[in-house]
Amino acid sequence: KLVPKLLAIIPYLVAFNIGEPLFISNTAGALTNTRPSGNNDYVRIMGYATSTNYIYFDPDKTWVKVTT
């Protein structure tokens, strides 16, 4: 049995490059196109830019904790 996937294309106020992955940011409630790289940061893809001001919100089910 197939289960439909919930997806959302939502407006976002920051301009991104089309197709680039968007990561959870260290700033609460924000996304970034720069992969977090600091010690104890978490890396998780939250979606992709579908245009400069819209994102396809599809959080990855995995995340990685950075240790340096």
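Which residue in S5 does Leu 22 stand opposite? Select Leu 22 and look across to S5: Gly 47 is the residue standing opposite. Keep that pair in view, and let's take a walk around the rest of the chain.

**Before you set off**

This is a predicted model, in which local features need pLDDT of at least 70, side-chain atom pairs count only at pLDDT 80 or more, and totals for chains, interfaces and linings use all residues. Residues are numbered from 1 along each chain as its sequence is written, and side-chain values use heavy atoms, with hydrogens and water left out.

The mean for the protein chain is 84, and 84% of its residues reach 70 or more. Among the elements, strand S1 (residues 8-11) has the lowest mean pLDDT, 67, while strand S7 (residues 64-65) has the highest, 95. Where pLDDT is low, the predicted coordinates should not be read in detail.

**The whole chain**

Now switch to a cartoon view. You will find 0 helices and 7 strands, where helices (H or I, at least four residues) and strands (E, at least two) are DSSP runs numbered from the N terminus. Along the sequence, the pattern reads β-β-β-β-β-β-β.

Next, show the surface. The accessible surface comes to about 5,000 Å², and 61% of this belongs to carbon and sulfur atoms; accessible areas come from the Shrake-Rupley method with a 1.4 Å probe, and for residues only the protein chains shown count as cover. Of the 68 residues, 25% are buried (buried means under 20% relative accessible area, exposed over 50%, partly exposed in between, with a 1.4 Å probe and protein chains only).

Select strand S2 (residues 21-24) together with S5. These two run antiparallel and are joined by 3 bridges; two strands pair if DSSP finds at least two bridges between them.

**Stop two: the S5–S6 hairpin**

The hairpin they form has 4 residues between the strands. Pick out Tyr 48 and its bridge partner in S6, Tyr 56, then Ala 49, which stands opposite Ile 55.

Move on to Asp 58, in the loop between S6 and S7. Asp 58 counts as buried because its relative accessibility is 17%. Its C-alpha atom is separated by 4.7 Å from that of Gly 47, 11 residues apart along the chain.

**Stop three: the loop between S3 and S4**

Select Asp 41, which lies in the loop between strand S3 (31-32) and strand S4 (42-43). Is Asp 41 buried or exposed? Asp 41 is buried, yet has no salt bridge (a side-chain nitrogen of Lys or Arg within 4 Å of a carboxyl oxygen of Asp or Glu). The nearest side chain of opposite charge, Arg 35, is 8.2 Å away; here Lys and Arg count as positive and Asp and Glu as negative, with His and the chain ends not counted. Not counting residues up to four places away in sequence, Asp 41 touches Asn 26, Pro 36, Val 64, Lys 65 and Val 66, contact meaning heavy atoms within 4.5 Å.

Pro 36 is in this loop between S3 and S4 too. Pro 36 counts as buried because its relative accessibility is 7%. With residues up to four places away left out, its contacts include Phe 23, Tyr 42 and Val 66.

Finish on Asn 40, also placed in the loop between S3 and S4. Asn 40 is partly exposed, with a relative accessible area of 44%. Check its backbone as well: Asn 40 has a positive phi of about 70° although it is not a glycine. Most residues other than glycine have a negative phi.

Key:
pLDDT is the predictor's confidence in each residue, from 0 to 100.
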